[in-house]
Amino acid sequence: MPEYFVVRGTVESGDKRGRELGFPTANIALRDQDGSLGDGVWAGWIGRADGARLPAAISVGRRPTYYGADGYRLLEAHVLDFSGDLYGETLVVWLGSHLRQQEKYASAEDLITALKNDIAAATRWTAEHPAASLPEPGESALGEVRRIAS
């Protein structure tokens with residue numbers, strides 16, 4: 001039975017770096033600044049208030065390429081094949097498969113290459129783990145990370 005980490009949070013405006021790199025993200029502040037979830041890149045899903053569940057490549061961490069170890073821990077979801085506006089929406093995010101650890105890249109080009117690989121891996125994983133199989137998220141405080149089984 002697969003396990004997921006689930007986070008519910010309101011999408012906040014960020015520094016728009018993902019958009020500048022060609023990978024816009026929905027940013028959700030995490031209550032857990034100590035890292036009990038652990039930093040990394042995940043394949044997963046986001047759920048919108050209207051019931052839509054969309055595949056995503058999700059980064060959790062301090063964004064080491066730009067902020068080193070001092071950055072604010074954040075969840076950043078790049079929703080696959082999506083071009084809408086999510087600012088102010090409260091989303092549920094299911095983190096399903098840990099793809100890799102966060103890394104500090106020497107250049108924006110190196111980061112873009114890694115992001116393209118992450119998106120390809122997330123696309124494959126979400127195709128094999130459809131949204132219909134996701135466990136119900138239940139209720140939780142905004143920004144709280146919980147582990148649930150399907």
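The model is predicted, so local features need pLDDT of at least 70 and side-chain atom pairs count only at pLDDT 80 or more, while totals for chains, interfaces and linings use all residues. Residues are numbered from 1 along each chain as its sequence is written, and side-chain values use heavy atoms, with hydrogens and water left out.

Side chains of opposite charge can pair when their charged atoms come close. The structure contains four salt bridges, a salt bridge being a side-chain nitrogen of Lys or Arg within 4 Å of a carboxyl oxygen of Asp or Glu. One of the four joins E89 and R48, with a distance of 2.4 Å from N to O. This pair links distant parts of the chain, 41 residues apart: E89 belongs to the loop between β5 (74-79) and β6 (90-100), and R48 to the loop between β3 (40-47) and β4 (53-61). Helices (H or I, at least four residues) and strands (E, at least two) are DSSP runs, numbered from the N terminus. R48 counts as partly exposed because its relative accessibility is 23%; buried means under 20% relative accessible area, exposed over 50%, and partly exposed in between, with a 1.4 Å probe and protein chains only.

A further salt bridge connects the side chains of E136 and R53, at 3.7 Å from N to O. E136 sits in the loop between α3 (108-128) and β7 (145-149), whereas R53 is in strand β4, so the pair ties together parts that are 83 residues apart in sequence. The relative accessibility of E136 is 61%, and E136 therefore counts as exposed. R53, at 26%, counts as partly exposed.

R100 and D118 also form a salt bridge, and their closest N and O atoms are 2.7 Å apart.

A pair of aromatic rings is described by the distance of the centres and the angle of the planes. Two aromatic pairs are present in the structure. Rings of Phe, Tyr and Trp (its six-membered ring) pair if their centres lie within 6.5 Å; planes under 30 degrees apart count as stacked, over 60 as edge-to-face and the rest as tilted. Y4 and W125 form an edge-to-face pair, with 6.3 Å from centre to centre and 70° between the planes. Y4 is in strand β1 (residues 3-10) and W125 in helix α3, 121 residues apart. Y4 counts as buried because its relative accessibility is 2%, and W125 is buried with a relative accessible area of 12%.

The pair of F5 and W42 is edge-to-face as well, with centres 5.6 Å apart and planes at 75°. F5 lies in strand β1 and W42 in strand β3, 37 residues apart. Their relative accessibilities are 16% for F5 and 7% for W42, so F5 counts as buried and W42 counts as buried.

Helix α3 also contains T126, a buried residue with a relative accessible area of 6%. The side chain of T126 reaches the backbone oxygen of A122 at 2.9 Å, and a polar atom of this side chain lies 3.3 Å from the backbone oxygen of T123. Apart from its neighbours within four places in sequence, T126 is in contact (heavy atoms within 4.5 Å) with G44, W45, P55, A56 and L80.

A52 is located in the loop between β3 and β4. Its relative accessible area of 27% makes A52 partly exposed. With neighbours within four places in sequence left aside, A52 is in contact with I46 and G47. A52 and A131 are 79 residues apart in sequence, and their C-alpha atoms are 9.3 Å apart in space.

Rolling a probe the size of a water molecule over the atoms shows where empty space is left. On a 1 Å grid over the protein atoms alone, a cavity is a set of points where a 1.4 Å probe fits but cannot get out, and a pocket is an open set with protein on both sides within 12 Å along at least five of seven lines; lining residues have an atom within 4 Å of a point. Grid points are joined across faces, edges and corners, and a volume is the space filled by probe spheres set on the points. The largest pocket has a volume of about 210 Å³. It is lined by 14 residues, of which R19, P24, T25, F82 and G84 are the closest to its centre. Strand β5 gives the most to this lining, with three residues.

Methods: A polar contact is a pair of N or O atoms within 3.5 Å; within protein, one must be able to donate a hydrogen and the other to accept it, and residues adjacent in sequence count only if both atoms are side-chain atoms.
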